[in-house]
Amino acid sequence: MKVIGIDVGGTKIYGGLVEGENKILRTKRGFTPAGFEEGVDFLSSLIKDLIEGEEIAGIGVGVAGFINFAQGIVISSPNLPGWSDVPLKRILEEKTGLPIFMDNDVNCATLAELKIGVGIGKKDLVAIFPGTGIGGGIVIDGRLIHGASFCGAEIGHIPIDPDGGPRCGCGRSGCLETLCSGPAIIRSTKRPLNSVDEVHLAAEEGEEWAIAALKRAARYLSQGIAIMVNALNPEMVVLGGGVIEALPKMVDLVRREVWSMALPQALKGLKIEVAKMHGEAGFMGAALLAREKIMGVS
Ligand SMILES: [Zn+2]
C-alpha cells in the first residue's frame with residue numbers, strides 16, 4: 001500500500017510518498033505560504049507532485065495546532081495565521097478524491113517514533129520535542145491521547161513558574177517552553193546569540209555562562225519530564241527536536257535530573273531515549289496514521 005504523509009508546520013510543509021510502513025519513495029517540501037487559501041493551493045500541488053502516476057490509498061496530514069482529528073478540522077494554530085476553524089479534510093478530499101486523515105503534527109511525530117522509531121514495541125510512551133516551542137505526544141496502551149477538547153499532551157505549557165516566569169505565546173506565564181525551548185535558552189544567556197548551537201560550542205569550550213544555561217534548561221526540562229513520569233508512569237520518554245539535536249549533552253543531564261526528581265517506583269524500567277527520526281518524523285507519522293486508518297488498525 002502506498003500513502004502520502006504531509007507535515008504542515010509554521011515555516012515548512014514537508015510531504016512524502018511512502019510505501020508500506022517506512023519506505024520513502026519520494027519527498028517534496030517548500031515554505032508554508034501565508035494564508036489558508038494559499039496553503040491549500042500549495043498542498044494540492046504538493047500532493048499532485050507526490051502522486052505522479054502512482055496508485056495512492058490515502059493521505060495523512062499532520063498540522064501544527066489544535067486539530068479536531070475526528071472531523072478533520074483545524075481548530076486553531078498559533079503558527080499558521082488564518083488556519084482557524086477550517087475543514088481541511090473535506091477541502092482536500094474534494095480536491096484530491098482521496099481519503100484524508102488528520103492529526104496534530106507532534107502526535108504524528110510521536111506515532112512515527114512509536115511505530116518505526118526508537119519506541120517500537122512500547123505501549124506507554126511520552127515524547128517531548130523542544131525546539132522553537134515544546135511539542136509533546138502521549139501514548140497510553142498503544143494509542144495517542146487527544147484529550148477532551150483536542151489539546152492533550154500540551155507538555156510545553158505545563159506551568160513551571162506561573163507567577164514570575166516569562167510570558168508564553170499561549171497567553172499564560174512561566175510555561176515549560178518559556179524556560180527551555182531554543183529561544184528561552186538563548187534568552188537565559190543574556191547574549192546576542194543566533195542559535196543554540198552557539199551555546200553547545202561555548203559549553204564544549206568550558207564557558208561558564210554556556211554550561212550554566214545548559215544546566216538550567218536541563219533542570220526545567222527534567223521538571224516537566226518528572227511531572228509526566230509521575231502522572232503517567234511511561235516505559236519510555238523520547239526526546240527530540242532542534243534543542244536536543246543541537247545540545248546532545250542535555251540528554252545525560254536530563255537523565256540524571258529526572259532520576260533525582262521523579263518517584264522511584266515510576267522510574268523502574270524507565271528509559272529516556274533520543275528520537276530516531278529527524279525532520280521526516282512528521283510526514284512519516286502522518287503516512288502511518290493514514291495507513292493504519294485505511295487498514296482499520298486504529
Ligand atoms: Zn504556554
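Visitor: What arrangement do the 4 donor atoms around the zinc ion make, and why?

Guide: Four donors count as tetrahedral if all angles lie between 85 and 135 degrees. Here the 4 donor atoms around the zinc ion subtend angles of 103 to 121°, so the arrangement is tetrahedral. This is a predicted model: local features need pLDDT of at least 70, side-chain atom pairs need 80 or more, and totals for chains, interfaces and linings use all residues. Numbering runs from 1 along each chain as its sequence is written, and side-chain values use heavy atoms, without hydrogens or water.

Visitor: Which residues coordinate the zinc ion?

Guide: Donors are N, O and S atoms within 2.8 Å of the metal (3.2 Å for Na, K and Ca); water is absent, so sites may look incomplete. His157 (ND1), Cys168 (SG), Cys170 (SG) and Cys175 (SG) coordinate the zinc ion at 2.0 to 2.3 Å. Their sequence spacing is H-x10-C-x1-C-x4-C.

Visitor: Is cysteine 168 buried or exposed?

Guide: Buried means under 20% relative accessible area, exposed over 50%, partly exposed in between (1.4 Å probe, protein chains only). Cysteine 168 has 7%, so it is buried. Cysteine 170, at 38%, is partly exposed.

Visitor: Which residues lie nearest the centre of the largest pocket?

Guide: A pocket is an open set of 1 Å grid points where a 1.4 Å probe fits, with protein on both sides within 12 Å along at least five of seven lines; lining residues have an atom within 4 Å of a point. Ala64, Asn79, Asp105, Val106 and Gly133 lie nearest the centre, among 41 lining residues. Domain 1 (2–108 + 279–295) and domain 2 (121–274) each supply at least three lining residues, with bounds from an automatic or database assignment.

Notes:
Tetrahedral: all angles 85-135°; square planar, octahedral: opposite > 155°, others 65-115°.
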